[in-house]
Amino acid sequence: MMTVSLFKIILALTVVIFVCESSEDQEPDSGELKPVHPQMVHITSDKVFQLINVSLSFPRAQAFCHSQFSNLITTDLLEDEEGARELLKLSGLRGPSWVRDSYKQPSLSVSKQYVDLQALSFLDESMEGYARINSYFPPLPAVTVCARIQWHQEHNHVSTIFSYAAPVLINEFQLRGQTKGEGRPVLLALIVQGHHQPYKASFPNDGEWHHVCVSWRSGDMLWVIHVDGERKDFGSVTGAQRNIHGDGIFIIGQDQDSFGGNFTEPFVGNLTDLNVWNEMLDDKQLWVLKVCQPLLNIETLFSWNMENLTVHQDVNKITAKIYCPGILKLEDRHDCKVLEGWSSHGLPRYGTTLCSELLPFICKTTKESYLKMKELKETQSSHPTPFMNHLMQLSGSTLVLGGPPAKLSWKQVSHLLNVSQQALNSAQGHLDPSDMLSLMQILSFAAEVPSNATISLSAAELLSQHFLAVADQVISAENVHLWNTIKQVASGPMAVVRSIDRMVSNLNPLLIGDRERVQIHSDKINLQVQQRNLGNYTDDSKFCGPHVEHFIGQDCISLPSQNMQELHVNGFRKVTLLNTWYDSLHKFFSMEENITVFPVVSDGTQKYLGTILGSSVISSTVLGDGQPISMGVQFQLQHRTQTNVNVEYSPVCAYWDFNLMPEDGGSWSTQGCEVIVSHFSHTTCFCNHTTNFALLLQVYEVQRSPEDEKALQMLTFIGCGVSLCGLGLTLILFTAVGVPKSDRTTVHKNLIVALAAAQLLLMISEWAAANQDACLLVTALLHLFFMASFTWMLVEGLLLWSKVVSVNISEEKRMRLYYTLGWGLPVIIVTITLLVSLNKYKAENHCWLNVKSSIIWAFVGPVLVILSINAVVLCRVIMVTVSSARRRAKMLSPSCASKLHTFDLTWAAARPVLILLPVLGLTWLCGVLVHLSVVVAYLFIALNAFQGLYIFLVYAVYNSEVRNAIKRIQEKRKALSFTNCSQPISFMPSQRTPAASWAQTIPSPSSLDSSDTSSPIPSTTSSLVFKNESFRKDSCISFSLKPVSGNQVIQLTAFKPTGSVSV
């Protein structure tokens, strides 16, 4: 029998006094909200407040609220103030309690590079706008004035940043600035004791904040101007040595032409953080001020505080975000907010105290979350899940935990994580929603484990390994459905990331020891802690997430070496880098969830669908001498998206901000991050701070403007008509002129029929879109005939291959194969596609295949295969044809070969290209890519219209078979008209005319079309002259015929660019 029930310990959420519910919650539907255990609870219509009357430090108080899936109450929120008033009044609690500052980032382990400061905005060139420092100024033997200035980029006049006037001298000490044109730098000049120094020091007029300091001392009359921590100008004031007069008036933003009045040359821009010292600060001290660090043991004459200023009504008070590289945010700073009580007017009184003080606090959550949590607790208490039963069995009697707010010992945390990992391994993913909440609380408690110097390195490493193993299984992709169930209570998987960050920050001294690097990983999480001495640090620090070797396309993050050098200059001796990589988090964020990125304005060609998390998450924390420091980092992340032909992704560099939308556990933000370079597979980013980073992908659906759609429809109709006319004329010529039947002619006709049918269907597809059944039929027919056009293009390639490269199959068998490929294969593809996915077959608004699903691959896949095969055929045919042409040129007489060589080679290479160009379907390659751009769509229409005309020119007008058929008709007509012609004529056999025995017969003009018989040759010696129609007009070949005994047989071999045929 166990002495402690583990699930009761884990689910004991608070240590409280008693229960209190407001009168408004005595309605029938709120009776269920009465807590089971005595608690100090105040319930409103949509919020629940819980008083935790156990004193903790501010970081631990906030961590405890997070572990209970709630947050600390926030300052200046009326709802939180009323809830706190009710709880504190009923409890009788006196004294301060912790609250979260709504205007300031809490100073926890992860630092930021931006701080919020109250600033003055001088926007108009008002002669009245000014601010006066309400302080007494004694005579000054030395002085330093520093301020952060944001110059108005469009202001080009001389401006006075500040002026100090004494009763005896108006221009006693003054800083002025001016620009000499738009885009030119801002020049600074100092006036000391009436002496105007030159405009020499400068800073860029870029609209950014710049830190400017001016110093002077009377000993050697030296003055110095520093800009952004660097000395820009210096010199000495001429004249007698004296102090700056006291009892003066210090005016910000105006030049005093009289003592405290007659303002001229106003400053235009923003100003903040102006401080005055009565001594001359050195370069190192000014650099410390530039990076937002305080000066120790140096008193200020005036510290920036709005309460010590008299501000004119023309000057606005604003909040400025100041970039501070190297700023340190320590937990023990005096800047944690407390609620001290209420004034006599009923207003809350806030103050500050040490963050390490131990105070009570109030956690708040939503009513919905409270109800869900209560339901899960009751279910777990009455009927523990199998996982929780197993966890209790493993814990035995050795696990003794106090209330959740109390610190857990190292032994307790180690044992708790160990048994949790064992229970998870046994559960094998079979968890309930309540189990997920319990595990998240275990991780939250374990993250606060104290780092004891007596703990060994191996023990720390083992605890970290157990922690990562438990966290990895909690945020495993298999548990996405569980997270959706508990999202009313838990803030999301980034809460686990927060616990890991906290654990690593606490344990890193024990993990690293004296080693330079230590790496701990689980299946989907990789953690690395590395330590470097800054004096020996020269290279960039690079961490890549996947722990496997030779990983292609890694997720990496690095800190530039110049940042490390800057830390070394600032006096830091050692830097510790904490890096973590999470591989499964991108599966937990759906479209627009916890994302506040606005879409880029589109020109109408794209429709914004939303923003998704499109990469792994990678984090970096930098510790300088053990203290958190924020600095710029560069990271590269791979895109984790599915390819969609109708969708484009625009990457955005982002980080998770836990203080943005705290009730939701934080949200993604892009502040301070920018894209350096983006590729199809990955994106490289730069962010000016350290935290958890990822890529957000803005999803756009490719669309076209109404003007483009209308123009494309009209051009499609015209283009299809032109192409259809060309195809029809080609088919008519093949039929009407009596082109001899051949396998090539048959293939041409089938290709033309398929293309013509497809073009006709494409023309009527817009009208068919109004009827779903008709549109489905048109889509299937378009799929069939376009697919058939491609398969007959494949047949064209195979036919050309058989004619030129290899002849192994008879003509009859070839044609059966060609018909099977040309028509049978498309029918099979279309039929199978319709049977498999009839509901997803057609697009929503067009009569074509659905490009948003995998159905489009029923067309694109075969097309790519056919294009690849025909590309191989084209290359092979060119090689064979060029080789054949060279052999023919060598066999001809020298006089003729020299004239024909160049022409033969050119024509031999060009002819197959011109024939195969439409066959290869280059037009439809643009059709496959038409979704990428409207320009590609116009190009596709143009090529589609040209395709029919091109086939008409190549297959009809410039086809030798068609031309010979036309010539035969013409010659037949001549023969019928001139039967008594006696002069010799040229004989032009067609490609399929059978060979004649020239030793026995010479055909007469009248016998070409009427008879195959001829009379014997009357003479014993004669000659034949052949006119070569394939070459130029002056090319001829003659043969002498001499009588021989017996039959006279002449064998002629005629060479063609596409091969050779024996006659």
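Student: In which crossing, left-handed or right-handed, does H6 pass H7?

Tutor: This is a predicted model, in which local features need pLDDT of at least 70, side-chain atom pairs count only at pLDDT 80 or more, and totals for chains, interfaces and linings use all residues. Residues are numbered from 1 along each chain as its sequence is written, and side-chain values use heavy atoms, with hydrogens and water left out. A crossing is left-handed if the near helix is turned anticlockwise from the far one by less than a right angle, and right-handed if clockwise. H6 passes H7 in a right-handed crossing.

Student: At what angle do helix H6 and helix H7 pack?

Tutor: Helices (H or I, at least four residues) and strands (E, at least two) are DSSP runs, numbered from the N terminus. Axes are lines fitted to C-alpha atoms, for helices over the stretch in contact, and angles run from 0 to 180 degrees between N-to-C directions. Here H6 (residues 386–395) and H7 (residues 410–427) pack at about 135°, their axes being 9 Å apart. Angles under 35 degrees count as roughly parallel, over 145 as roughly antiparallel, 65 to 115 as roughly perpendicular and the rest as oblique. H6 and H7 are therefore oblique to each other. Residues in their contact (heavy atoms within 4.5 Å) include Phe-387 and Leu-391 of H6 and Val-419 and Ala-423 of H7.

Student: How do the axes of helix H5 and helix H8 cross?

Tutor: The axes of H5 (residues 367–382) and H8 (residues 433–447) come within 10 Å and cross at roughly 100°. These two helices are therefore roughly perpendicular to each other. From H5, the contact is made by Met-373, Leu-376 and Gln-380; from H8, by Ser-434, Asp-435, Leu-437, Ser-438 and Gln-441.

Student: How many residues has the largest nonpolar core?

Tutor: A nonpolar core is a set of buried Ala, Val, Leu, Ile, Met, Phe, Trp, Tyr and Cys residues joined through side-chain atoms within 4.5 Å. Buried means under 20% relative accessible area, with exposed over 50% and partly exposed in between (1.4 Å probe, protein chains only). The largest core has 69 residues, and Val-474, Ile-475, Trp-483, Ile-500 and Trp-668 have the most contacts inside it. Helix H11 (residues 494–512) gives the most to this core, with 11 residues. Apart from it lies another core, of 50 residues, among them Cys-720 and Tyr-841.

Student: What percentage of the protein chain do buried residues make up?

Tutor: Of the 1063 residues in the protein chain, 49% are buried.
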